[in-house]
There are 2 protein chains.
Amino acid sequence: MRLVVAECTVDYRGRLEAHLPRAVRLIMVKADGCVAIHADGGAYKPLNWMNAPNSLVEEPGRWVVTNPKGEELVITLHRVVSDTTHHLGPDPGLQKDGVEAQLRDLLAGRPELIEPGLTLIRREYPTDLGPVDLLLADPGGGTVAVEVKRRGEIDGVEQLARYVERLELDPRLAPVRGILCAERISPQAKVLAAARGLGTTEIDYARLRNAGSSEPTLF
Amino acid sequence: MRLVVAECTVDYRGRLEAHLPRAVRLIMVKADGCVAIHADGGAYKPLNWMNAPNSLVEEPGRWVVTNPKGEELVITLHRVVSDTTHHLGPDPGLQKDGVEAQLRDLLAGRPELIEPGLTLIRREYPTDLGPVDLLLADPGGGTVAVEVKRRGEIDGVEQLARYVERLELDPRLAPVRGILCAERISPQAKVLAAARGLGTTEIDYARLRNAGSSEPTLF
DNA sequence: ACGTTGAGATTGCCG
DNA sequence: CGGCAATGTCAACGT
């Protein structure tokens with residue numbers, strides 16, 4: 001990884017056009033060839049960048065980065081403060097925990113938190129349009145399809161509506177209700193869900209995680 | 001901006017949990033206090049990070065970053081290869097050209113380019129599902145809702161369909177037609193739009209920009 | 001402060 | 001390679 005601190009101006013032409021006036025910035029060039037230009041603020045996102053694969057041509061005081069899609073990043077170096085290179089080697093990569101799949105599995109073990117009386121038929125129930133996160137039996141008869149999200153947005157409502165429409169065609173399952181489960185559900189998503197005849201339930205995932213799926217509730 | 005190259009392990013606990021095994025990486029600390037941990041590849045996104053505002057406590061061989069939301073990033077430093085600090089100063093910021101808002105405003109001044117005879121009612125017309133980019137009066141009666149995109153894809157068609165469906169409920173606007181405007185519209189989006197009864201119009205934004213909104217057309 | 005939308009989104013998955 | 005969906009999405013803007 002090469003790290004250059006320099007006073008520079010930058011021009012990008014590609015999906016849009018962008019220009020950076022003259023200032024001191026960090027230019028990061030990674031081993032895969034990608035280039036990122038960072039200011040001393042503004043979270044982790046660089047001001048400008050060019051992802052791999054690309055081609056970097058270095059002239060005195062001017063770097064030109066181009067990629068096969070015809071995008072171009074031109075860095076004009078007015079004054080170089082520092083220019084260092086380090087060999088980092090390969091990275092073992094990030095291990096994640098706590099994404100949608102885990103939340104779905106926790107809810108599968110506590111379906112009564114979605115609505116009292118519901119019992120699990122199976123998770124990832126397959127349909128022609130893709131798998132439904134949870135399929136539950138309604139004690140009043142019929143079936144309940146559940147779409148699990150961290151955040152409930154309009155897209156999730158549309159997805160659930162398609163599943164319910166599809167499952168209704170199966171006489172063994174009909175009638176089918178749909179419920180969108182998420183930690184937070186946006187007002188627009190609630191409006192659209194109501195208009196589509198779908199239910200929405202907000203779930204406290206933090207409490208769900210702590211309680212676990214094997215322990216019965218004490219209250 | 002402080003740049004530390006070090007062999008480290010990293011643990012994050014917050015919206016999810018994540019762990020980075022021992023390896024050599026770049027740790028970037030910006031003036032606003034945000035911390036980012038980069039490998040030597042993988043585009044510009046860091047493996048792990050903590051945005052400002054936060055608090056960094058530095059012990060020998062161990063950095064602990066916490067923020068007011070209760071998230072925590074722990075960096076264990078096994079071996080420091082390099083540790084440098086540079087003062088970059090404030091950045092004048094990025095100048096962009098060619099984004100959706102600009103295209104929308106240009107079209108608002110030249111609605112006849114969407115379809116002859118159309119006149120502007122207002123831009124960003126609010127609905128329960130979000131704002132419609134442009135609402136136009138149809139000389140033949142009724143209203144036209146326009147969704148403006150740089151690239152017309154299936155998502156834009158779905159979005160427009162929801163708006164039209166919603167606007168139809170308002171007797172002062174009905175009947176409502178929908179038109180998707182973009183520089184390029186994908187074949188799939190055209191098919192879906194036709195199936196939904198929506199129009200599509202491809203716009204030459206470069207010419208629109210050069211012509212400006214105040215100049216009448218000469219031909 | 002909160003919510004919604006756009007982004008040069010990026011990134012991974014699967015067909 | 002292209003579509004689809006998730007992301008600790010981020011960042012801008014309006015209420």
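This is a predicted model: local features need pLDDT of at least 70, side-chain atom pairs count only at pLDDT 80 or more; totals for chains, interfaces and linings use all residues.
Local features need pLDDT of at least 70 and side-chain atom pairs count only at pLDDT 80 or more, while totals for chains, interfaces and linings use all residues. Residues are numbered from 1 along each chain as its sequence is written, chains are lettered from A in the order in which they are written, and side-chain values use heavy atoms, with hydrogens and water left out.

View 1. Of the atoms of DNA strand D that come within 4 Å of the protein, 69% belong to sugar and phosphate.

**View 2. Side chains beside the phosphate and the bases of DNA strand D.** On the bases, the side chain of B:Asn48 has an N or O atom 2.4 Å from a base oxygen, and the side chain of B:Tyr12 has one 3.5 Å from a base nitrogen.

**View 3. The two domains of chain A.** An automatic or database domain assignment gives domain 1 (2-85) and domain 2 (98-211) in chain A. The centres of these two domains, taken over C-alpha atoms, are separated by 45 Å.

**View 4. Where chains A and B meet.** The copies meet through the same surface, because 89% of the interface residues of chain B are also interface residues in chain A, where contact means heavy atoms within 4.5 Å.

Definitions and conventions:
A residue is near a molecule or strand if one of its heavy atoms lies within 4 Å of it. A polar contact is a pair of N or O atoms within 3.5 Å; within protein, one must be able to donate a hydrogen and the other to accept it, and residues adjacent in sequence count only if both atoms are side-chain atoms.
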